[in-house]
Amino acid sequence: MNSIFTDDTKTGDIIIKFPAASKLFREYKIDFCCGGNRPIGEVIKSLQLEDKDLVKVLNIMYEQMQTTEEIDWMNMPLAELVNHIIHHYHAKTRELLEELDGFVSKVYRVHGERDLYLKEVYTQFYLLKDELEQHLLGEEQRIFPKVIEYDANNELESLEAARAEIAILEEEHEGAGEILKKIRQATNDYELPLNACNTYRLTYLKLEELESLTFDHIHLENNVLFRRL
């Protein structure tokens with residue numbers, strides 16, 4: 001078997017080449033969005049995962065998946081990439097935030113006196129909700145129109161206007177990622193209490209779905225869109 005990935009391959013580059021690996025990375029808490037510029041071997045060592053043979057597993061998984069068609073994110077027209085981000089990630093994020101608005105409040109109201117960590121979940125979720133809503137709107141109003149304009153005219157002025165926003169957006173990505181980590185810590189990796197009701201279970205499932213969606217979203221922007229700009 002030819003090894004596509006080695007210890008020196010950066011985590012973000014692995015996800016660009018092999019998006020399905022994101023599930024494995026989340027399982028082992030490997031950062032591929034904000035920390036996507038670290039070599040996988042370095043990350044494995046820092047997390048003490050040497051016994052998992054993750055690089056070998058990645059190569060086996062990649063070889064098995066070659067029968068499916070891959071999306072070439074690095075060569076997709078920029079306007080098409082932006083539209084995909086808006087119609088998939090932005091739309092789904094807003095939908096999840098709206099659903100979770102009711103769930104998180106209800107679970108905290110009903111179970112907060114018993115499960116004290118729910119106060120932290122409640123606080124961090126609404127901080128995240130506010131940040132993400134502002135962030136999505138900022139992307140759609142500030143940077144994405146400039147990217148689409150550059151894709152249409154290929155002029156340096158349009159490119160520089162888009163680049164000027166990148167540092168701000170990357171900082172916002174870092175902030176969202178940190179909040180999601182705090183929610184995961186507060187819930188002990190979404191470990192449900194005994195006899196958790198269906199709303200409790202659904203809330204945790206939706207929070208994990210939001211985490212997964214956000215990390216994939218950040219990866220596609222930090223490691224694909226922003227890199228291409």
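Mentor: Let's begin with how residues are sorted into classes: Ala, Val, Leu, Ile, Met, Phe, Trp, Tyr, Cys and Pro count as nonpolar, Asp, Glu, Lys and Arg as charged, and the others, Gly among them, as polar. Please keep in mind that this model is predicted.

Trainee: What is the volume of the largest pocket?
Mentor: Here is the general idea: rolling a probe the size of a water molecule over the atoms shows where empty space is left. In this model, the volume of the largest pocket is about 580 Å³. It is lined by 22 residues, and K29, I30, D31, K181 and F215 are the closest to its centre. Two or more lining residues come from each of α2 (21–27), α8 (166–186) and α9 (198–228).

Trainee: Which element gives the largest share of that pocket's lining?
Mentor: That is α9, with 5 residues. You can also read the lining by domain: domain 1 (11–65) and domain 2 (78–228) each give at least three residues to it.

Trainee: How many cavities of 30 Å³ or more does a search of the whole structure find?
Mentor: The search finds 2. The largest cavity holds about 80 Å³ of space. Its lining is made of E131, L132, H135, L136, E172, H173, A176, T214, H217 and I218.

Trainee: Which residues line the second largest cavity?
Mentor: They are V104, V107, Y108, L118, V121, Y122, T203, Y204 and L207. This second largest cavity has a volume of about 60 Å³. At least two of its lining residues come from each of α5 (78–111), α6 and α9. The classes here are 8 nonpolar and 1 polar, with no charged residues.

Trainee: Now for the domains. How large an area do domain 1 and domain 2 bury between them?
Mentor: In general, the size of an interface is often given as the accessible area lost when the parts come together. Domain 1 and domain 2 bury about 1000 Å² between them, and 55% of that is on carbon and sulfur atoms. On the domain 1 side, R26, C33 and C34 lose the most area to domain 2, together 50% of what that side buries. In terms of contacts, 12 residues of domain 1 meet 13 residues of domain 2. The C-alpha centres of the two domains lie 21 Å apart.

Trainee: How many salt bridges are found across the interface of domain 1 and domain 2?
Mentor: The rule finds 3. R26 also forms a salt bridge with D216, where the closest N and O atoms are 3.0 Å apart.

Trainee: Where is C34 found?
Mentor: C34 sits in the loop between α2 and α3 (40–46). Leaving out residues up to four places away in sequence, C34 touches H173, E174, I218 and N222. Y108, which belongs to the lining of the second largest cavity, is 74 residues from C34 in sequence and 30 Å from C34 in space, C-alpha to C-alpha.

Key. Residues are numbered from 1 along each chain as its sequence is written. This is a predicted model: local features need pLDDT of at least 70, side-chain atom pairs count only at pLDDT 80 or more; totals for chains, interfaces and linings use all residues. Side-chain values use heavy atoms; hydrogens and water are left out. On a 1 Å grid over the protein atoms alone, a cavity is a set of points where a 1.4 Å probe fits but cannot get out, and a pocket is an open set with protein on both sides within 12 Å along at least five of seven lines; lining residues have an atom within 4 Å of a point. Grid points are joined across faces, edges and corners, and a volume is the space filled by probe spheres set on the points. Helices (H or I, at least four residues) and strands (E, at least two) are DSSP runs, numbered from the N terminus. Domain bounds come from an automatic or database domain assignment. Contact means heavy atoms within 4.5 Å. Buried area is the accessible area (1.4 Å probe) that two parts lose on being put together, summed over both. A salt bridge is a side-chain nitrogen of Lys or Arg within 4 Å of a carboxyl oxygen of Asp or Glu.
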